Amino acid sequence: MATINFGGVEEHVVTRDEFPLDKARAILQNETIAVIGYGVQGPGQALNLRDNGFHVIIGQRRDSASWSKAEADGWVEGETLFDIEEAAERGTIIANLLSDAGQIAVWPTLKAKLTPGKTLYFSHGFGITFNDQTGIVPPADVDVVLVAPKGSGTSLRRLFVAGGGLNSSFAVYQDATGHAYDKAIALGIGVGSGYLFETDFKREVYSDLTGERGVLMGALAGIIEAQYQVLRQRGHSPSEAFNETVEELTQSLVPLVGENGMDWMFSNCSVTAQRGALDWKGRFREATLPVLNELYDSVASGAEAARTIQRGSTPGYRQELEAELKEVRDSELWQTGATVRELRSKATEKVEELSAP
Ligand SMILES: NC(=O)c1ccc[n+]([C@@H]2O[C@H](COP(=O)([O-])OP(=O)(O)OC[C@H]3O[C@@H](n4cnc5c(N)ncnc54)[C@H](O)[C@@H]3O)[C@@H](O)[C@H]2O)c1
Ligand SMILES: CC(C)(O)[C@@H](O)C(=O)O
Ligand SMILES: [Mg+2]
Ligand SMILES: [Mg+2]
């Protein structure tokens, strides 16, 4: 394992150089990986594993949209596509990629198939960390491991197809066979990870729930709505408010921050923007710190898990969720976004036309 210095703190990281795909294949050569659930992570991980030469089967509810999606992706009923119970029976590694609420409902079925020496795999520490609420307590004679890609299953697949890899964290919760550690890393390499960062189940779920509720999605969506509202209320047009809040953020600045860091970004905008942004950064930090601390407390107390489970198991929740998402989609802000995206693709077509021989 490589030791890498992150801003003065040393951490252990697994790289593909020291743990190549051939080594991963050798470790898992006698294993059948049953990917249970074919939602967002399921397809990304299963297709990458298959293309990397591992023996993979899918377990999914019949007569569901995800079953049809699996068939469209080339999984064949009775050969590589089964109902959940049969896939779990056939699999020696059971990759539990159901939704976190779905994992609770299906746990008794999976538990019955976890015979000694099998491996139970997760991509989130949720089910195990909050097992007082989920009831997911694995038998003592199976390995329990985690590989959590730090991004959407869609990005995991896209990056793999493009020849890259998404960073993941990995952890071992239970090592019954003495090989759990190697299996976890081999699975991490197999699903298409770039670098693998070691963690434990609790730290993975605490940071993941905080991140997605915070900066990655909740805070991002909230601050975008707030700035758009202010600009609109002060007389700016929808396109101006949108371009100055979202379009420039996603199309220009955030990709540059990703490439070069925030310090570079500050030094590569006008001195006017630089002075103002540095002055206001502290105000935003102080304003959001109490909210982020409240969020972390809510994660650590199990309240976020309880709400996820309670909402996910309420009858009619899917329809309520769809109505909530429709409200976001139909808002002036995101309708403006749809139009701006259309213009963006027309502009790209124009450039392609002009550069065609
Ligand atoms: N979405 C992501 O990109 C992402 C990223 C990192 C980690 N994860 C983790 O990966 C796991 C899977 O997440 P996902 O977003 O792919 O899940 P998802 O919400 O897309 O659901 C996955 C599958 O679960 C099935 N399912 C749901 N409830 C069920 C039930 N009661 N019975 C049977 N099947 C049921 C659905 O049909 C679907 O095929 C979760 O632990 C999640 O936290 C997800
Ligand atoms: C893709 C995310 C937000 O990183 C993941 O954590 C999820 O739950 O979907
Ligand atoms: Mg998450
Ligand atoms: Mg995440």
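Start with ligand 1: one of its oxygen atoms is 3.4 Å from a polar backbone atom of Gly-39. That is a polar contact, meaning a pair of N or O atoms within 3.5 Å; within protein, one must be able to donate a hydrogen and the other to accept it, and residues adjacent in sequence count only if both atoms are side-chain atoms. Ser-66 puts a polar side-chain atom 3.0 Å from an oxygen of ligand 1. For Gln-103, an N or O atom of the side chain is 3.3 Å from a ligand 1 oxygen. On its own, ligand 1 has 830 Å² of accessible area, and the protein covers 78% of that. Areas are Shrake-Rupley with a 1.4 Å probe; for residues, only the protein chains shown count as cover.

A word on the source. This is a predicted model: local features need pLDDT of at least 70, side-chain atom pairs count only at pLDDT 80 or more, and totals for chains, interfaces and linings use all residues. Residues are numbered from 1 along each chain as its sequence is written, chains are lettered from A and ligands numbered from 1 in the order written, and side-chain values use heavy atoms, with hydrogens and water left out.

Back to ligand 1. Its shell has 22 residues, and Gln-41, Ser-66, Asp-100, His-124 and Gly-153 come nearest. Near means a heavy atom within 4 Å. Which helix gives the largest share of that shell? Helix α5, residues 100-113, with five residues. Helices here are DSSP runs of H or I, at least four residues, numbered from the N terminus.

Helix α5 also holds Trp-107. Is Trp-107 buried or exposed? Buried, because its relative accessibility is 5%; the cut-offs are under 20% for buried and over 50% for exposed, with partly exposed in between (1.4 Å probe, protein chains only).

Now ligand 2. Around it sit Gly-151, Ser-152, Asp-208, Glu-212 and Met-217. The Asp-208 side chain has an N or O atom 3.0 Å from a ligand 2 oxygen. For the Glu-212 side chain, that distance is 2.8 Å. The protein covers 58% of the 270 Å² that ligand 2 has on its own.

Last, Met-217. Met-217 lies in the loop between α10 (201-213) and α11 (218-233). With a relative accessible area of 55%, Met-217 counts as exposed.

That's the tour. Questions, please.

Notes
Helices (H or I, at least four residues) and strands (E, at least two) are DSSP runs, numbered from the N terminus.
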